[in-house]
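Here is a friendly note to read with the model open beside you.

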Amino acid sequence: MRLSRLHAPTLKEVPKDAEVVSHQLLVRAGYIRKLAAGIYDFLPLAKRVVRKIETIIREEMDAAGAQEVFLPAVVPAEVWQESGRWFQYGPELLRFKDRKGGDFCLGPTHEEVIVDLVKRDVRSWRSLPLNLYQIQTKFRDEVRPRFGLMRGREFVMKDAYSFDVDDAATNRSYDAMYAAYERIFARCGLQFRAVEADTGSIGGSRSHEFQVLASSGEDAIVSCAQCSYAANVEQAELHLHHEPPPAVAEKAYERVHTPNRRTIAEVTDYLRRPARQFIKTLIVDADDRLFAVLVRGDHELNLIKVKKLLGAQRVDLAHEEQVRTATGAAVGFAGPVGLRGVVGILADNAVRGMTHAVAGANADDHHFVDVTEGRDFQVTRFGDLRLAVEGDPCPRCGGELKSFRGIEVGHVFFLGTKYSDAMKCTYLDESGVERPMVMGCYGIGVTRTMAAAIEQNHDADGIVWPLAIAPYRVIVLPLQMNVPDVVQAAEKLYADLQAAGVEVLLDDRDERAGVKFKDADLLGIPLRVAIGGRGLKDGVVELKPRRSSEVQQVPLADIARRVAEWTE
């Protein structure tokens, strides 16, 4: 492709609404344009990247035994009502009526549609296992679309669904998809971790997220330095240290005045005690019942773990009026001593045995000091209720957990019979007995993967594409378009590379060399060949990988072969 003909309008200035690097660079480099909030046009360069990611996905999904289908984006309400999710899903589900008054939605995910398809066509155990996938545009009406393609409303997704006769067979399908995902993201040239994760609103039991490692990632993950364990901090298991119980403190607790000191940081500074000596008390609303949950002052509460411990459908932090009702005090002064306005007191394992602790006094502007767990208050139930942090012991091998930031680009779920039970998706086993199919669900955010690749691969000058998903693998820069020898050499190299099957971009614009260098870096093409009059006199051209600062002088006669070898 000639750059003079390529529709890739670059910008010098960073767009005002672009908060993250991938959004900034995709717009500046002429890959995407905004149509509406969270909805983007994909220009030719972006389309090439997306197609390459899709090709890798298709090859690995097909190799793993999945079969591609294409399902409707517009979905009738009936199938969502059958699964029970029509009203559960929330406002992210874009609902509308057709001209006859029928209820429909734009599919944000396709469990219901695929189950409806399979239950009508598959009746016997002989047709299982079955794994169907599609690559399709989805729509989720996010309340705050942001970060460009990272959290848009319209996006391209690969979603696959496996159907098996039992849990053991579904685990085999799950493992096959897990392995395929590892190959997909490795082939895309990305650094990633597969981490244990919560199943969320989609349901099911076993679940892993595939996280592209990037400092700008929204998700906090931990990974063991000694074994393969990795998990989202909300999911990471934290085992209780086996330490001897501390001696019981003899000193009685006292009430102290802490005027306008609500947060742990404010009270630690005022009382000059470390945060680990504090008992942080949070009031939560679990299915309309109020509980107090205790964590150590230097730890953060994990609502997902509280939800699991209680077996609740919904757990949220209580609002200010609820806190006042439960404790008699404003937010920031809750404590476990003398607390009567809750159903029970839950505590993280790290709170067990704490002595000489600081806790809220359930009175405005007051705290208790020298509080002892078990003597001054009783915990209804202990459990692992906090977020993991760097330095925590690995639950598998005891090694030290390290912290990373990640961008979720893929997710695999063991769904079980959640949807097949609700929608009566059954098969006849070998004995003729009707049984529900056991399902797995496997998603990849295709356009999100493109954005995540940039978050992980960029510098101050622009995008640095991994070779496998770059829109073009090499860009040829003739530096003086008014010098016939330069133009002729560039045209010949362009033709030779095309003949060799190399994806090449020729910057044939009549622009200054500095402009061409800047645009080549901005576009992120992995390999650059610069041809100038001075070098041609010596029979050489400049070869520079985008990731390197080193410029190599290569004989003109060898350049086509060198580039072809480098881009294989």
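1. A word on the model. This is a predicted model, in which local features need pLDDT of at least 70 and side-chain atom pairs count only at pLDDT 80 or more, while totals for chains, interfaces and linings use all residues. Residues are numbered from 1 along each chain as its sequence is written, and side-chain values use heavy atoms, with hydrogens and water left out.

2. The largest core. A nonpolar core is a set of buried Ala, Val, Leu, Ile, Met, Phe, Trp, Tyr and Cys residues joined through side-chain atoms within 4.5 Å. Buried means under 20% relative accessible area, exposed over 50%, and partly exposed in between, with a 1.4 Å probe and protein chains only. The largest such core has 66 residues, and Y31, Y181, F185, M450 and W465 touch the most other members. Helix α2 (residues 44-63) gives the largest share of this core, eight residues. Helices (H or I, at least four residues) and strands (E, at least two) are DSSP runs, numbered from the N terminus. Apart from this core lies another, of 28 residues, including L71 and W86.

3. W465 up close. Contact means heavy atoms within 4.5 Å. Leaving aside neighbours within four places in sequence, W465 is in contact with residues including Y31, M450, L523 and R547.

4. Is Q456 buried or exposed? Q456 counts as buried because its relative accessibility is 18%. This residue lies in helix α10 (residues 446-456). Beyond neighbours within four places in sequence, the contacts of Q456 are G189, L190, Q191, V212, L213 and A214.

5. Helix α5. The expected span of a helix is 1.5 Å times one less than its number of residues. For the 21 residues of α5 (residues 167-187) this gives 30 Å, and the end C-alpha atoms are 30 Å apart, which agrees. Among the buried residues of α5 are Y174, M177, Y181 and F185. Seen down the axis, the buried residues of α5 fall within an arc of 140 degrees, so they line one face of the helix; the arc is that of the directions from the helix axis to the C-beta atoms. G189, whose phi is positive, near 80 degrees, follows α5.

6. Helix α1. Six of the eight residues of α1 (residues 21-28) are buried, so this helix is mostly covered under the cut-off of 20%. The elements covering its buried residues include β1 (32-36), α10 and α12 (513-523). Just after α1, G30 has a positive phi of about 75 degrees.
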